[in-house]
Amino acid sequence: MGRQRRQSGPSPTLRAPSELALTPSARLSAAIEVLAEIGERRRPAADALKDWGLSHRFAGSGDRAAIASLVYDGLRRKASAAWIMGEETPRAVLIGMLRLQRGLAAPTIAGLFDGARFAPAPLSEAETRRLNEGTLDDAPPEVAGDAPAFVLPALERLFGADLLPELRALARRAPLDIRINALKIDREAARVQVAHLEAEPTPHSPWGLRVPLGEDGRGPALHVEPEFLDGLYEIQDEGSQLASLLADAKPGETLVDLCAGGGGKTLALAAATGNGARLIATDSDPRRLAPIHERLRRAGAQAEIRTPRGGRARADVLTDLDGQVDRVLVDAPCTGTGTWRRNPDAKWRLRPGSLATRLAEQAAVLDRAAQLVRPGGRIAYVTCSLLPEENDGAVAGLLARSGGRFAAEPPEALAQRRPGLAPALRLTEHGLQMSPARTGTDGFYFAEITRQA
């Protein structure tokens, strides 16, 4: 950027005039500051980063993005970095992360921690020794895999001997995927049109392109690209795209997206049916539906949005559809354990009580879906969770409560809807599990439940 620093002494909080351009060392100091804020106040990383940017307006967009990348990488490797460094301070986590996640050699790391203006203090002898000699050889799985210890029994039931490889995959950076909008363009034509992004087809989704990331884990600002503004693509993980495809929606059907949120899967269902289905989207929280209207307009997708009124006395906006719907998509509220690659702070804020809350919400939304489907109709149940309690457990709960009125489709049959994907899937008792190490996607679960005639 070619701008000069001010000629005053170092500042631990990086206060500086607007002409300051941050060095890599100054960015590390900022990342340590943000990690301290996250840890002390148990704040979501996005909120802490936003507040840091507002109070340090001299930092440009490139600086803020680089600091965010450091913070998220630190959170991805928080436990293992602290283990090799022998302490859990934000500084120790950043030092250990630079070795474990970014592969920097000890002399390179020492060069960044040089104590110059706005740089972190030099490495101590103990830090240098731990950096050179610390290993994960004797670390327990929750440390080596950077995950909360209390979820490991559940994850071990799912992954078995693959537990540590899967945890390590969850600690890596997530890829950047886009879903080509089949209502406007096919994938190959879109790939030519966005050739400057150097995107490659996703391994499993026929709609997807994967955009390469920079060395620091950042990708291009896809939301300002002309093709995005024209509705040619949406930013969506390949796993989410596959869940929409597995739902197997057909033209002519009446479809309900019961937990539509911002509309990602609503748009995918519209594309899958060529706008040929009657598609109704709703959500229990009207605030989450706010973005869907503009997204539908941009994509040329057709859907009826039913927004519940705010407040405690919310009327059910779907009662006229009870017993008439061909297919209900339930993208259920969950702990989000399958998205830890892109939301690493969420795993450290997760508590056992959170799971209990989500299980109750899943039971409620599945019961509502059961009222909507006609005899022979289907519920497509999706989570971005890896916890069996939220997946097979939630399906089993509905089956038990229904008294034989519903049955789960065999996972083997579901897998054959995407034959190329089938070998990478884990088949569970009632559904299909995607995971970073096996499918290269976020940890999505899919099951289908049919109302008996």
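Leu75 touches Leu35, Ile38, Ala45, Pro344, Asp345, Lys347 and Trp348, leaving aside residues up to four places away in sequence.

Student: Is this model predicted or something else?
Tutor: It is a predicted model.

Student: OK. How many residues are in the largest nonpolar core?
Tutor: That core has 41 residues. Leu75 is among those with the most contacts inside it, and so are Ile38, Ile67, Val71, Leu94, Leu98 and Phe113.

Student: Which elements give two or more residues to it?
Tutor: They are α1, α2 (45-55), α3, α4, α5, α6 and α8 (141-144). Helix α1 gives the most, with eight residues.

Student: What about a second core, which residues does it include?
Tutor: The second core is separate and has 36 residues. Leu289, Leu329, Ala415 and Leu432 are included.

Student: Back to α5. How many of its residues are buried?
Tutor: Eight of its 11 residues, so the helix is mostly covered. The buried ones are Arg91, Ala92, Val93, Leu94, Ile95, Gly96, Met97 and Leu98.

Student: What do they pack against?
Tutor: Against α1 (24-41), α3 (61-76), α4 (78-85), α6 (106-112) and α7 (125-133).

Student: New topic. Where does UniProt place the "active site"?
Tutor: At Cys384, according to an unreviewed UniProt entry. Cys384 is in the loop between β9 (373-383) and α18 (392-402).

Student: Is Cys384 buried or exposed, and why?
Tutor: Cys384 is buried, because its relative accessible area is 18% and the cut-off is under 20%.

Student: Which residues does Cys384 touch?
Tutor: Cys334, Gly336, Thr337, Gly338, Thr339, Gly443 and Phe444, not counting residues up to four places away in sequence.

Methods
Residues numbered from 1 in each chain as written. Predicted model: local features only at pLDDT ≥ 70, side-chain atom pairs only at ≥ 80, totals over all residues. Heavy atoms only, no water. UniProt positions renumbered as here; feature names shortened; annotations may be inferred. Helix = DSSP H or I, 4+ residues; strand = E, 2+ residues; numbered from the N terminus. Buried < 20%, exposed > 50% of the residue type's maximum accessible area, 1.4 Å probe, protein only. Contact = heavy atoms within 4.5 Å. Core = buried A, V, L, I, M, F, W, Y, C linked by side-chain atoms within 4.5 Å.
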